[in-house]
Every structure is written in C-alpha cells, then in structure tokens.
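Visitor: I would like a close look at a single part of this structure. Please take me through it step by step.

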Amino acid sequence: MRFAWIAGVLHAFVGTALFFLTLHPLRDALDAHALDLMKVGSGWQAMNGLALMILAASTAARIPAMLIAGGVAISAAMLYFLIFTGTQPAIMVLVPIGGAISMIGWIWLLFVRPKS
C-alpha cells in the first residue's frame with residue numbers, strides 16, 4: 001500500500017498548501033467565486049489525502065485506494081486549472097467524473113476488511 005501512502009501524503013500536502021495560500025496571496029489574486037472554489041477544492045483534496053494515509057495503514061485495499069487517489073487527482077487538477085486560467089474547456093467534464101471515481105473507491109471500502 002505504498003502507493004496509497006505516497007498519494008495520500010501528496011494530496012494532503014498540495015491541498016493544505018493551496019488552502020493556506022487562500023489566506024493571503026490567493027485572497028488578493030482571485031475573485032470571490034474562484035477563492036471559494038479553491039477553499040472547497042483544496043480542503044477536499046487534503047481531507048482525501050489524510051484518508052488515503054489512514055487507508056494505507058489500516059487495510060490492504062489497493063483498488064479502492066487507487067480509485068480514490070486517481071479520482072481526487074483528476075478532479076483537483078481540473079478544478080485548479082479552471083481557477084487559475086478562468087477558462088472552461090470541454091475537458092472540465094472530468095471534474096465530476098473524477099469525483100464519481102473517488103466515490104466509487106469510497107463505496108468499495110464498505111466491502112474491504114480492515115487489518116487485524
């Protein structure tokens with residue numbers, strides 16, 4: 001479960017760093033809507049990163065971990081692209097698809113036994 005641990009640490013770090021940046025540098029650089037999107041997206045990314053680290057330490061759930069990590073990566077990357085460029089290309093449909101992939105991973109965890 002090294003993959004889940006590394007993905008969790010990276011998601012938690014990036015999400016936390018971007019959330020912290022909303023306090024000063026990004027607060028002045030982004031409009032109110034983009035700032036709200038950044039707070040929600042970065043908080044969601046950091047929370048899922050922490051969950052992936054817990055998952056890596058307490059289960060052997062490789063596939064759910066990959067789904068969660070991949071879904072969060074897709075959604076967060078597209079959301080940050082939208083925030084920083086202000087454009088909405090056709091690939092923005094990947095934001096909800098990434099979220100759905102992540103949620104499939106969470107649902108899959110219902111059927112995984114924790115380590116004893």
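Visitor: At the start of H3, which backbone nitrogen does a side-chain oxygen of aspartate 31 reach?

Guide: The model is a predicted one. In it, the backbone nitrogen in question belongs to histidine 33, and the side-chain oxygen of aspartate 31 comes to within 3.1 Å of that atom. Helix H3 itself covers residues 32–58, which makes 27 residues. From its first C-alpha to its last, H3 reaches 39 Å, close to the 39 Å expected at 1.5 Å a residue.

Side chains of opposite charge can pair when their charged atoms come close. As for the two partners, arginine 27 is partly exposed, at a relative accessible area of 42%, while aspartate 28 is exposed, at 64%.

Serine 102 lies in helix H5, residues 94–108. Among the residues in contact with serine 102, leaving aside its neighbours within four places in sequence, are Trp44 and Asn48. The list also includes Leu67, Ile68, Gly71 and Val72. Serine 102 has a relative accessible area of 2%, so it counts as buried, the limit being under 20%.

Helix H4, residues 62–85, holds isoleucine 74. Isoleucine 74 is partly exposed, at 32% relative accessibility. Valine 95 is 21 residues from isoleucine 74 in sequence, and their C-alpha atoms are 6.6 Å apart in space.

Notes
Residues numbered from 1 in each chain as written. Predicted model: local features only at pLDDT ≥ 70, side-chain atom pairs only at ≥ 80, totals over all residues. Heavy atoms only, no water. Buried < 20%, exposed > 50% of the residue type's maximum accessible area, 1.4 Å probe, protein only. Helix = DSSP H or I, 4+ residues; strand = E, 2+ residues; numbered from the N terminus. Contact = heavy atoms within 4.5 Å. Expected span 1.5 Å × (residues − 1). Polar contact = N/O pair within 3.5 Å; in protein donor to acceptor, adjacent residues only side chain to side chain.
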